Amino acid sequence: MDYSKEFLQGLYRTMVRIRAFDSKAEELFLEGKLPGFIHLYIGEEAIATGVMANLRKDDYITSTHRGHGHMIAKGADMKKMMAELYGKITGYCRGKGGSMHIADLSIGVLGANGEVAGGLPIASGAGMAIKLKKSDQVVVAFFGDGASNRGAFHEALNWCSVYKLPVIFVNENNQFASTERVQETTSVQNISDRAVSYSIPGVTIDGNDVIAVYEAVKSAVERARNGGGPTLIEAKTYRIKGHFVGDPTLYRKKKEVQEYWRIEPIGRFEKRLEKMGMLTDEEKEKIKSEAEKEVEEAVRFAEESPFPETATALQDLFVDDTGYDYY
Amino acid sequence: MREITFSEALGEAMYEEMLKDPTIFTYGEDIAKQGGIFGAYKPLLGKFPDRIIDTPISEEVIFGSALGAALAGMRPVAEFHFADFIFTGMTAVTNQIMKIRYMTGGQAKLPLILRGPDGISKSAAAQHSESIETIFMHVPGIKVIIPSTPYDMKGLFKTALHSDDPVICFEHKLLYKIKGPVPEEEYYIPFGVADVKRKGKDVTVVTTSRMVHESLKAAENLAKKGIDVEVVDLRTLVPWDKKTVIDSVKKTHHLIVAHETWKRGGWGAEIASVVQEEAFDYLDAPILRVGAKNVHIPFSPPLQDFVAPDHEDVENAIEKVLEGA
């Protein structure tokens, strides 16, 4: 593994920041401070981190309902994210989207999505735009194991293969679609096997190994940038937390979850870096305390921000709303 | 003035704007090589080969990709083949396209158009005959244009090709071949401005699309009986021109709403509601609605004729409303 200390610590830092954000979000939700419901990315941080380390600011992603990690890794501002989770006017969506509809078009995040597989047709369209503009951008479409059983997944893979679009389909197989286990609901052992039907490369990787993710996505991104078309990457991971915060998780045993805590991506990478002499205890603590501080500042910003005025509920539907009736 | 067909008007609008704006591209089933199932793209055959694209039968991606392409800086025009099949990819329309600007707090501009044929034709039966424009007036987040003449088709579509909001355009199958005057000079028709297709003083018929022509026929027939009918073509349903409708009602004191879509819950009910809320004192009789009977469009010609409304239904409604309903 021939990577610089700066690069490796950068990956580590991103994962730690995502974990800090979502751990705090969980705590705040359980304290009753956040409205709605939230889906945590805890245990899946290596995927967003490894993917985004390959992307430029002008590359696009479509995210999912479990999208906080994608946002942070793509370069989003935690303050605006946290404010959105609180439903405040200073949030990314001025309080209209919440956790599940967070987006930052200025950094290429074409939206989290409340609909399973909802982002895949959108990613396909961004791919068409790139091809027509003859630019060398790429799109990464994140989706879960459950999404691979929806028609939109199959339509999108066929479409992107037919037109050779620069779209990388990154499947975060966290073993559960809501409460249902992937092997009880899915016809294939590996979701990447479905690539065969669409004549595109499909690979399954260890989604808890940030370097494995980085390297698999690197070659897919290179292919896409050079006109080679789409790739399906299945990153196997495990959803350590419930489907949503507050999920009673009757569908699995605590012992199973404990087993997976042992192979969660941050601890694993930490040990690896320590063994390589790339991360001292001091550096580790510094990265962690900086991340916690960043999150605390985001919480303070969100809590001090006002809720939106009700009049703003009647804004943002159309660019030009001349003649449109809101009552 | 020269006369061209409704589909030629669409083709001209596309051609003129595609020449000016390299971000416009269009795609759907059977359009690039065939010119569209009803020939709507025939005027474009052989032009812009990279920007007119035949696609797989994948409606959710046809619609959802329009959103993605718009977010990524293009101006897509996606064809829905038949209005009935919008439902096949409906989630990408109502749950994505129509919500994303609002959900993101106004971050997104969505210069995209969904367009295609709707309505009855010769015995196309229930799965190829629907008029579903009301749904897109009911769910917020898309502009609805529904032209009745070649002139309106071209002018509205050119405006749609400059809109930064999503637009859905319903083109009635029986209108593609009709001819009408269209000037050589460039023009645009703004959304939300109705066109009074016939001036009259006794009764107002508010209508769109094919039913504009049926209403005009009804007006001609009733003129022989001394009844003077005003026909107001809304042309766009989102937004719709409340002022022109209410002004007309203030003059005629009688209102009929006429559309091909189902009478029950059709957009005419919304117009009728608003008029009774805002101009009740001007009405001399209850507002009557003309629409399809609340079943599906049947195959057999006499059954289709019975279910879908035509000029006779409009005439009957007018005579009834003038009798005080």
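This is a predicted model: local features need pLDDT of at least 70, side-chain atom pairs count only at pLDDT 80 or more; totals for chains, interfaces and linings use all residues.
Tutor: Residues are numbered from 1 along each chain as its sequence is written, and chains are lettered from A in the order in which they are written.

Student: Why are H1(A) and H2(A) called oblique?

Tutor: Helix H1 (residues 5-30) and helix H2 (residues 45-52) of chain A pack at an angle of about 135°, with axes 9 Å apart. Angles under 35 degrees count as roughly parallel, over 145 as roughly antiparallel, 65 to 115 as roughly perpendicular and the rest as oblique. That makes H1(A) oblique to H2(A).

Student: What makes H2(A) and H8(A) oblique to each other?

Tutor: The axes of H2(A) and helix H8 (residues 210-225) of chain A cross at roughly 40° and come within 8 Å. H2(A) and H8(A) are therefore oblique to each other. Axes here are lines fitted to C-alpha atoms, for helices over the stretch in contact, and angles run from 0 to 180 degrees between N-to-C directions.

Student: How do you know that the bond from B:Val238 to B:Pro239 is cis?

Tutor: Its omega is near -5°, and the bond is cis. Most peptide bonds are trans. B:Pro239 sits in the loop between E12 and helix H7 (242-252) of chain B.

Student: Which classes of residue line the largest pocket?

Tutor: The lining has 13 nonpolar, 5 polar and 5 charged residues. Ala, Val, Leu, Ile, Met, Phe, Trp, Tyr, Cys and Pro count as nonpolar, Asp, Glu, Lys and Arg as charged, and the others, Gly among them, as polar.

Student: Which element gives the most to that lining?

Tutor: H8(B) does, with 6 residues. Residues nearest the pocket's centre include A:Asp325 and B:Trp240.

Key. Side-chain values use heavy atoms; hydrogens and water are left out. On a 1 Å grid over the protein atoms alone, a cavity is a set of points where a 1.4 Å probe fits but cannot get out, and a pocket is an open set with protein on both sides within 12 Å along at least five of seven lines; lining residues have an atom within 4 Å of a point. Helices (H or I, at least four residues) and strands (E, at least two) are DSSP runs, numbered from the N terminus.
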